[in-house]
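Please look over the structure below.

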Amino acid sequence: MMMNERSTPGLATLGIHGHGFKDAYGSPHVPVYDTTTFSFASTADLLDVIDGRKAGGLYTRYGLNPSILALENTLAGLEGAEQAWAFCSGMAAASALFLTHGREGIVCVGEAYGGTLELLSSQLPLLGIPTHLILDDELDRLDALLAGGAKLVFFETPTNPTLSLIDIRAIARRAHAHGALVAVDNTFASPVNQHPLALGADIVMHSATKYLGGHSDLTAGALMGAKALLQPVWSWRKNLGSMIAPATASLLARSLRTLVVRVRQHNASAQRIAEAMQRHPRVRRVFYPGLTDFPGHELARSQMAGFGGMLTIELAGDGADATRVADRLRLFALAPSLGGVESLVTQPCTTTHHDLSAAERARRGISDAMLRLSVGLEDVDDLIADLEQALA
């Protein structure tokens with residue numbers, strides 16, 4: 001079928017062909033333009049690029065580099081956005097987002113990545129930016145904070161590490177009623193499993209290091225949304241020097257070509273493992289949106305197309321028991337991060353939430369007996385056997 005016979009190509013097609021660039025020498029993919037500056041035949045040609053009348057290379061720190069532009073076109077297509085900006089890391093993307101749209105006040109709902117929480121709670125207030133951290137069971141505070149002047153609501157869904165679901169549609173309605181924007185960190189879900197913009201969010205953020213990259217060999221971030229909202233972000237990225245490198249952009253574009261098949265396999269394997277762990281006598285609880293008795297299962301069914309490759313198990317024991325299990329695993333590597341082809345395990349109290357007090361972790365529902373699993377692409381029966389031998 002010709003692409004013009006279908007109004008919107010599927011995600012797999014967009015991941016492979018979505019860049020919209022044609023290489024002069026016939027390469028099926030845009031090569032690495034490891035170039036800092038680009039020359040022009042005339043001043044008129046230069047001004048066409050500077051003034052945005054046509055796309056082209058100019059200066060790589062500005063993002064005007066074919067390798068970066070091609071990547072951003074693909075990223076925008078995957079999230080159904082008008083525009084995408086690529087960054088050198090997920091934290092660079094979050095920083096530019098907050099500095100652009102959060103200066104009047106930011107409300108962070110629910111759990112978030114540790115670096116994001118540190119930025120919001122410790123660093124942005126030093127710049128005079130009001131920040132408010134509320135848990136997902138404290139949403140009764142949201143309207144008052146928005147009425148008080150906060151103009152950006154930010155959250156992850158599913159959250160880390162409890163996989164809690166936050167209703168994107170509901171939060172968007174409440175925020176928009178106060179003239180505030182909604183930004184969703186879609187890292188855990190990926191565009192394969194969730195499209196926040198279609199659910200009412202204004203901006204989507206990714207740590208592209210995770211599922212978008214998918215091979216634990218690059219560090220990158222991305223923001224996607226309407227051009228009018230992303231245009232003011234451009235200057236922050238340019239002048240803070242947080243541009244993605246062309247070689248990294250090319251590597252990320254390579255990964256996007258297999259995103260759909262990878263994430264679908266992550267989904268299937270995580271579901272199998274969650275069901276196996278739910279039956280295990282030494283596991284107290286399994287946190288996974290695909291389980292029918294998971295508290296957020298119905299919400300996940302309504303706003304997600306798949307349940308993801310992340311799950312958390314809580315052992316019928318204490319933190320020392322969880323540590324022993326983590327140390328006994330053979331295929332699950334003991335490491336932070338997530339979303340790669342290899343399976344990883346981390347104990348949140350020792351990594352992602354290590355800086356929180358025990359009382360604060362308990363308030364957030366994070367016990368020391370928890371192990372967070374990033375389910376990779378190994379044979380799922382081998383992964384289940386590894387967990388069972390470690391739990392034995």
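## Cysteines

C88 is partly exposed, because its relative accessibility is 32%. (Buried means under 20% relative accessible area, exposed over 50%, and partly exposed in between, with a 1.4 Å probe and protein chains only.) C108 has 1% relative accessibility, so C108 counts as buried. The whole structure holds zero disulfides, a disulfide being a pair of cysteine sulfur atoms within 2.5 Å.

This is a predicted model, in which local features need pLDDT of at least 70 and side-chain atom pairs count only at pLDDT 80 or more, while totals for chains, interfaces and linings use all residues. Residues are numbered from 1 along each chain as its sequence is written, and side-chain values use heavy atoms, without hydrogens and water.

## The loop between β4 and α7

Two cis peptide bonds come up here. One joins T157 and P158, with omega about -5°. P158 sits in the loop between β4 (152-156) and α7 (168-177). Helices (H or I, at least four residues) and strands (E, at least two) are DSSP runs, numbered from the N terminus. The other cis bond joins N160 and P161, with omega about 5°. P161 also belongs to the loop between β4 and α7.

L163 is placed in that loop between β4 and α7 too. Its phi is positive, about 60°, although L163 is not a glycine. L163 has a relative accessible area of 2%, so it is buried.

S190 is another non-glycine residue with a positive phi, near 75°. S190 lies in helix α8 (residues 190-193). Its relative accessibility is 0%, so S190 counts as buried.

## A mixed sheet

Five strands make an open sheet with mixed pairing, in the order β8-β9-β12-β11-β10. The edges are β8 (283-287) and β10 (333-334); each has a single partner strand, so one side of each lacks a neighbour in the sheet. Two strands pair if DSSP finds at least two bridges between them.

Strand β11 (residues 344-346) pairs with strand β12 (residues 370-374) in the antiparallel sense, over three bridges. L344 has S374 in β12 as its bridge partner.

## The cavity

How many cavities of 30 Å³ or more are there? The count is one. On a 1 Å grid over the protein atoms alone, a cavity is a set of points where a 1.4 Å probe fits but cannot get out; a pocket is an open set with protein on both sides within 12 Å along at least five of seven lines; lining residues have an atom within 4 Å of a point. Grid points are joined across faces, edges and corners, and a volume is the space filled by probe spheres set on the points.

The largest cavity has a volume of about 30 Å³. Its lining is P158, L163, F188, F307, G308, G309 and M310. By class, this lining has five nonpolar, two polar and no charged residues. Ala, Val, Leu, Ile, Met, Phe, Trp, Tyr, Cys and Pro count as nonpolar, Asp, Glu, Lys and Arg as charged, and the others, Gly among them, as polar.

## The largest pocket

The largest pocket has a volume of about 640 Å³. It is lined by 31 residues, and Y113, G114, G115, T116 and T352 lie nearest its centre. The lining has nine nonpolar, 16 polar and six charged residues.

Which elements each supply at least two residues of this lining? They are α4 (90-101), α5 (114-123) and β6 (203-207). α5 gives the most, with six residues.
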